[in-house]
Amino acid sequence: MANVIKDDASKSAKAAEAEHPSGDPRFKLVDRALKRLQYQQDALIEVLHTAQEAFGYLSEDLLIYTAHQLKLPLSWVYGVATFYHFFSLKPLGEHTCIVCLGTACYVKQAGEIVSKLQEEFGIEAGQTTPDGKLSLSTARCLGSCGLAPVLVLDGNVVGREGPASTVERVRALVAGQIAPVEPKSASPSLELEEAEAL
Amino acid sequence: MNRDDLQTIAQKEQERQQQFRCRLLCCASTACLSSGSPSVQEVFEQAVKANQLTKEVQLVSTGCMGLCSRGPMVRVQTPNEPEILYEHVDRQIAQKIVSKHIVPEPEVTPDVTPHVLSQDIPFFTRQTRVVLSNSGNIDPERLEEYIMHGGYKALVYALREMSPEQVCDEITRSGLRGRGGAGYPTGIKWGLVRKAPGDKKFVVANGDEGDPGAYMDRTVMESDPHRVLEGMAIAGYAIGAEQGYIYVRGEYPIAIKRLEKAIRTAERRGLLGSRVFESNFNFRVDIRIGAGAFVCGEETALMASIMGRRGQPVPRPPYPSQSGLWGYPTLINNVETFANIAPIINNGASWYAGIGTEKSKGTKVFALTGKLNNTGLIEVPMGITLREIVYDIGGGIPNGNTFKAAQTGGPSGGYLPPEHLDTPVDFESLKALGSIMGSGGLVILDNESNMPDMAKFFMEFCMDESCGKCLPCRVGTVQMYRILDRFTSGTATWADLQKLEELCLLVKETSLCGLGQSAPNPVLSTLRYFREEYESQIRENTIPLALGKNGDKQ
């Protein structure tokens, strides 16, 4: 363990992370969050957020790992993870389509968009197609009511779509005709500053 | 950092802005970002770079300009000339704006008049902007611009010239009431927490804006994050807290990012953290990210969530003001409430009390959505009539349809029918009509909407969001949903109507927290004003025309 006790904090952290038993590098993101939050049990939701961001969903192993690290009963961690809609315990499909069902979208026929999509892809909202290509879900208001009805396709917000045009878009997305666009950063200046701060 | 430093920063910023011959403000709030403002900004950036004008033209990404349905919006400010506002800007129009305003000697001056939006239209002139005064005018990520517009002056004034009691009194005298929906007088709440015994106290800003159709808090946090922080710090000083939490919905990534940055810069400058403004007052703010549970807007559930638990409410009393986070006295206010604090301290309680009605003071931000020509975010004085909001600010109902109802307060609220269009919008008047002010979602429905269907929509929401702790809410919402489903699928009977009414009262009276207690409100409200629609559905037993063959809305 001599290499851990070094003056350079970041280097020693890296060395410790590299020794993670599973060998999965994504765990080091979780570990970093755990350290930043000082292994406080109150920070469970923050840790789960980080874990879901790193892994895409919360697998059983991940929940067990989090419970161990925070010294919480697994039932407690499972209870929190299932309580909040944001956490998914199942892997998502390659592409995601979220349809907003907030009031403003609902009065502008978002309900029909969902039923058309369900018909088209043969899955219910909240499910993933058997080939793992598409996950369809609904959301309770994304706060973009001025653009109603609103969808989120692979993280990009799309507004003012009708049922037919939505199906077209999603089909193109699944067929890979639209390259998944990286959501452009809202504030390039922020990242610059962050880089400077580091 | 002290008061003089604050002034120096403001002056420097002003000088910096005067160097530019043109300021291009581009809306970078969620609605405009998703309708293409990043590509517009890109055009501007490239043009400025290509013409080497970085010293002459200032590009600013601002917060929300209000009229979200006409986004992306761009504002051009040039000294000695009236500012120009452009709507529906895309790459091509951006290019035209470039040649009109940026390039010094263009070969052709393009005609952009179809996209110029007059700022004299009622949408802008009928508003009174207090909370949103900076929104759309400043870069939310630059502390200096907030300071230039008078930011943090209230905090330093409170710290230097006022005692904590005086701050509480000032807020009480202003008549400010909680903007989260219930309308509890803010000053009284502060006084309660201040007097509560406890060696630690907490300030919590509730930004868990779960109501579908509402996005006021998100806009405030995105467009003017420092205003919220300043309000929280003043609250911390008034009640004796050293730690604050902002609870933000996980669905608001931009708001989270901007708040994080705002907290970092404020701490670096000594406006937050230890020894704020070189006084003995310490105040730290941390962000807590919600994970998608509507019930977490309820204060006890919100505190459970901050402490990393399932967001389930607990019976009150004890109220959070006595025993909140980790058992310590805790002040919970809505984000918008905190955003009102700095202007009150700056301009005085009597100024604020002069806006609004006798019992509801000040302004209220509404998210105006639904079947309207102008949808977006508005801030109006309390007591404005619904008619003014719908027809003047909202520009009326599109497609030749007629106004049928205004939905206020989200799933906890109710409907206002056309005969009440002249009702003043304030806490008391809305309550008298069986609705609530709520957090500020205002959804307009036209004659194509089916009321039992709308009631079912909200009931489904409450059914999904019920945390499951108390029985009336957990079971009652499901049963009410099933009955409402019979109305929209054409199989309802008179017995159903009777049972529905009984259930509404039962759930309202016996639920543990606000979610259950208010879940029947949309049903009760539609029964009150649109009972005929329910009855005709029983009589005719057909699926209403507005709905399709599955009872889903077409």
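## Chain contact and local features

In this predicted model, chain B places 49 residues in contact with 39 residues of chain A. On the side of chain B that touches chain A, at least two residues each come from helix H2 (30-34), helix H12 (253-268), strand E10 (363-370), strand E14 (441-446) and helix H18 (451-465) of chain B. Of the elements, H2(B) gives the most to that side, with 4 residues. The side of chain B that touches chain A is made up by class as 19 nonpolar, 20 polar and 10 charged residues.

Chain A contains 9 helices and 5 strands. Read from the N terminus, its elements follow the order α-α-α-α-α-β-α-α-β-β-β-β-α-α. Chain A has 198 residues, and 33% of them are buried.

The domain assignment divides chain A into domain 1 (13-83) and domain 2 (95-174). Taken over C-alpha atoms, the centres of domain 1 of chain A and domain 2 of chain A are separated by 31 Å.

Within chain B, one helix pair can be described by its packing geometry. Helix H9 (residues 186-195) of chain B packs with helix H11 (residues 225-239) of chain B at an angle of about 50°, and their axes are 8 Å apart. The residues that make the contact are listed by helix below.

| Helix | Residues in the contact |
|---|---|
| H9(B) | B:Trp190, B:Val193, B:Arg194 |
| H11(B) | B:Ala235, B:Ala238, B:Ile239 |

The contact of H9(B) with H11(B) comprises 5 nonpolar, no polar and 1 charged residues.

Where does B:Glu278 lie? B:Glu278 is in the loop between H12 and strand E8 (284-289) of chain B. Because B:Glu278 has 14 C-beta neighbours inside 10 Å, this residue counts as partly exposed; the class lies between buried, at 20 or more, and exposed, at 12 or fewer. Not counting residues up to four places away in sequence, B:Glu278 touches B:Met1 and B:Asn2. B:Glu278 and B:Asn2 are 276 residues apart along the chain, and their C-alpha atoms are separated by 6.6 Å.

Methods:
Residues numbered from 1 in each chain as written. Chains lettered and ligands numbered in written order. Predicted model: local features only at pLDDT ≥ 70, side-chain atom pairs only at ≥ 80, totals over all residues. Contact = placed C-beta atoms within 7 Å. Nonpolar A, V, L, I, M, F, W, Y, C, P; charged D, E, K, R; others polar. Axes fitted to C-alpha atoms, helices over the stretch in contact; angles between N-to-C directions. Domains from an automatic or database assignment.
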